[in-house]
Amino acid sequence: MPRPSISGPQSLAGSLDLDQVLVSWEAGQDESPLSCEADLIQTMTSIKEQAAISRLLSFLQEWDNAGKVARGVILNNFIEANHGKTAPELEQEFSQGASLFLVRLTTWLRITYMTGLGLRKILRSIGIFLSAVSSNRYLIEFLEVGGVLTLLEILGLEKIKEEDKKESIKLLQVIANSGRKYKELICESYGVRSIAEFLAKSKSEETQEEVQVLLDSLVHGNPKYQNQVYKGLIALLPCVSPKAQQLSLQTLRTAQSIVGTTHSSIVDCVLKVLGTMHLEVQYEAIELIKDLVNYDVRLPLLKGLVAMLIPSVKETSKLQPKILTDSAVLQLTAHLPVFLQQAAAAKTILVLARSSLRVAEELLHLRVIHSLMAAMGNTDHSNSQRLASVTLEYFVQMFPVVEEHVRKSMGEELYQLFLSNAENLYMKIDSIQADILAANKVNVTKVLYHCSTSDSNFSFSLDPGDLNQMDYITQSEEDMKSKE
């Protein structure tokens, strides 16, 4: 009788004599061929498991006995061989003992992270475990040994390289994306502050974009701490990094819609950002302002924009002594923050007025026409003149009452120059005409109020839902008088 075909190793060292089993079966014992083969398979499986466990123990022993250089090689091989594997695949690779290697990685991380040596490899290796599909067990094991606090502390260490910190941010992203309780854990560990400070200090735009992804994740699905993230983003606006400002403004728009209410400091912070020389930052600030006018900060926001059209004497006089003694400083006046704010305010007012007739009407009540004409007379900053002139042109075209008062204030000659080409007017006016614009006394506020109360068909209306219209009209007039 022929013997059955058996797959697997030909010699089962010391565990079962294959020939003896087959001889017994051929001798007519009760055991069936299937029963014998099952015994063989079970024995072979047991041997494979023992061999796998032996390999695991050998690998762990190699790690334990290795120095820094050897461990670096081990990590390189591990990363290359296991990137993208699922948790079950990792368990199979480590004979159901993957956690034994993970605990060694986290221990080594906690011992060496302050030195920064080999940090990137350690974090990437841990990331293979945490980002694996069905890796909740690994995540919990990492968090139980203080993994979040370690990652956050890495962000604040000066000795650590930017690339290493980026790996830390990526791990925090993985943790935050694992669910609400993990986002709360990061926030409870003073994570928002650490992450925001790192964003402000980071020199790498790629790393800053990774931080933005993390902050965006923390503001979503995190009702307990979404306000904390929102306030952290506002606190970032005054930082010196243009990229950090840009990313913060972008994320703030998302956060604002989620939070639903505004913080008192957001108006001053976003208006100051308009003084930037970076157009990409200015664009994001204007986009946020467009959103904010739909919230309860609309009035102070509009007041602030109009006020920026006429910088205070205190601000504009700071450079006067230098200008008189140093001709090189003349070039710097183009970048004086208050003048940049002035130009940006004129631009923002035009954007807001075009997007909403109601907002345009409210701006008229805040004496925006007077302020725009004053900005047109600022011969120290041509961009302010140009943008203010273009914005004034829009109001003149939209509202006949504005056209009447502007024509009267400018005089026919200057007004015709204005009508012919508002954008290039600043290049055609002389010093006397510039003084006429700067010293204008235009005030359409009272006319608008009388029209709105006497003519029910007039387009301007006073909304009782806002603050009392007359209160802020009177206040605006008093403010303007004090400046004049």
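Reader: Where is the place of Ser 134, in terms of the loop and the helices α6 and α7?

Author: Ser 134 lies in the loop between α6 (119–130) and α7 (136–144). Helices are DSSP runs of H or I with at least four residues, strands are runs of E with at least two, and both are numbered from the N terminus. This is a predicted model, where local features need pLDDT of at least 70, side-chain atom pairs count only at pLDDT 80 or more, and totals for chains, interfaces and linings use all residues. Residues are numbered from 1 along each chain as its sequence is written, and side-chain values use heavy atoms, with hydrogens and water left out.

Reader: What is the phi of Ser 134?

Author: Most residues other than glycine have a negative phi. Ser 134 is not a glycine, yet its phi is positive, about 65°. Ser 95 also has a positive phi, near 55°, and sits in the loop between α4 (87–93) and α5 (98–112).

Reader: Is Ser 134 buried or exposed?

Author: Buried means under 20% relative accessible area, exposed over 50%, and partly exposed in between (1.4 Å probe, protein chains only). Ser 134 counts as exposed because its relative accessibility is 59%. Ser 95, at 21%, is partly exposed.

Reader: Why does Leu 363 count as buried?

Author: Leu 363 counts as buried because its relative accessibility is 0%. This leucine belongs to helix α21 (residues 357–365).

Reader: Which residues does Leu 363 touch, not counting residues up to four places away in sequence?

Author: A contact means heavy atoms within 4.5 Å. With that exclusion, Leu 363 touches Leu 302, Val 306, Ile 349, Val 368 and Phe 395.
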